[in-house]
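Here are my notes on this model, point by point. Please keep the structure open beside them as you read.

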Amino acid sequence: MLISEREQLRANIERRVIDFGNNRSALIPVIQEVQQKYGHVSEYVMQVLADVLHIHPVEVYGVASFYSFIGHKPKGRFIIRLCRTLPCEMKGKERVARQLENDLGIHFGETTDDGNFTLEWANCLGMCDQGPALLVNERIYTQVTPQSVHDILEECREVFGVHTTLQEKEMSCELPTSAK
Ligand code: FES
């Protein structure tokens with residue numbers, strides 16, 4: 001990240017901390033916003049939050065580490081989360097998992113070298129009667145089969161790719177204001 005980008009990110013975090021009350025209660029909502037926008041919460045962001053809130057960085061790290069959805073490393077453009085809870089397990093989640101790993105050339109918990117895909121496990125996604133279920137970013141797919149994995153990945157590359165590119169064009173270092 002360039003210095004100017006860091007300065008802008010810091011300024012935006014400072015502003016959002018004020019928006020959320022300028023005290024410790026701002027910590028979680030700002031972390032959530034950063035996670036949502038950038039896909040991870042970097043050490044730099046944690047340091048800035050500690051500075052702005054006048055708390056120890058370990059405290060920020062502790063909060064960020066508590067929530068499993070918060071990552072500390074950049075993830076892929078498309079985060080694929082496959083449900084591993086029993087109903088999906090019984091409907092063939094393992095075969096879908098192997099197909100995803102084979103097609104992407106990575107294991108769960110890893111990101112492809114091109115930075116496009118991350119594979120993660122998820123617990124119940126609320127679609128138990130239509131398993132196996134998986135999420136690609138915020139889009140859910142149900143009754144997934146090894147055969148449909150290829151189509152889902154292609155859809156990611158085509159449909160979501162365009163969508164994400166548009167989002168990225170809109171992205172600056174500005175954090176969203178909708179959570180005010
Ligand atoms: S068990 Fe997989 S969606 Fe509920």
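1. Start with helices H3 (residues 43–53) and H4 (residues 57–66). Their axes come within 8 Å and cross at roughly 125°. That makes H3 oblique to H4. Angles under 35 degrees count as roughly parallel, over 145 as roughly antiparallel, 65 to 115 as roughly perpendicular, and the rest as oblique. The axes are lines fitted to C-alpha atoms, for helices over the stretch in contact, and angles run from 0 to 180 degrees between N-to-C directions. The crossing of H3 and H4 is right-handed. A crossing is right-handed if the near helix is turned clockwise from the far one by less than a right angle, and left-handed if anticlockwise.

2. Which residues of H3 and H4 make the contact? From H3 come Met46, Gln47, Leu49 and Ala50; from H4 come Pro57, Val60, Tyr61 and Ala64. Residues are in contact if their C-beta atoms, placed from the backbone, lie within 7 Å. By class, the contact of H3 with H4 has seven nonpolar, one polar and no charged residues. Here Ala, Val, Leu, Ile, Met, Phe, Trp, Tyr, Cys and Pro count as nonpolar, Asp, Glu, Lys and Arg as charged, and the others, Gly among them, as polar.

3. A word on the source. The model is predicted: local features need pLDDT of at least 70, side-chain atom pairs count only at pLDDT 80 or more, and totals for chains, interfaces and linings use all residues. Residues are numbered from 1 along each chain as its sequence is written.

4. H4 also packs against H2. The angle between H2 and H4 is about 60°, and their axes are 11 Å apart. H2 and H4 are therefore oblique to each other. Their crossing is right-handed. Leu27, Ile28 and Ile31 in H2 meet Val60, Val63 and Ala64 in H4. By class, this contact of H2 with H4 has six nonpolar, no polar and no charged residues.

5. Now look at Glu43, which lies in helix H3. A residue is buried if 20 or more other C-beta atoms lie within 10 Å of its own, exposed if 12 or fewer, and partly exposed in between. Glu43 and Pro57 are 14 residues apart along the chain, and their C-alpha atoms are separated by 9.1 Å.

6. Step back to the whole chain. The protein has seven helices and four strands. Helices (H or I, at least four residues) and strands (E, at least two) are DSSP runs, numbered from the N terminus. The order from the N terminus is α-α-α-α-β-α-α-β-β-β-α. Of the 180 residues, 26% count as buried. Among contacts with a separation of 6 or more, 61% join residues 24 or more positions apart.

7. Next, the cores. The largest nonpolar core has 19 residues, and Ile80, Leu82, Leu100, Ala133 and Leu134 touch the most other members. Strand S1 (78–83), helix H6 (93–104), strand S2 (117–122) and helix H7 (146–170) each supply at least two residues of this core. Apart from it lies another core, of 15 residues, among them Leu9, Ile13, Val30 and Leu49. A nonpolar core is a set of buried Ala, Val, Leu, Ile, Met, Phe, Trp, Tyr and Cys residues joined through C-beta atoms within 7 Å.

8. Leu82 deserves a look. Leaving aside its neighbours within four places in sequence, Leu82 has contacts that include Lys93, Val96, Trp121 and Pro132. Pro132 sits in the loop between S2 and strand S3 (134–136). The peptide bond from Gly131 to Pro132 is cis, with omega near -5°.

9. Check two phi values. Asn22 has phi near 55°, a positive value in a residue other than glycine. Asn22 lies in the loop between helix H1 (3–19) and helix H2 (27–38). Asn22 counts as exposed, with 12 C-beta neighbours inside 10 Å. Gln143 has phi near 50°, again a positive value in a residue other than glycine. Gln143 is placed in the loop between strand S4 (139–141) and H7.

Technical notes: Two residues are in contact if their C-beta atoms, placed from the backbone, lie within 7 Å.
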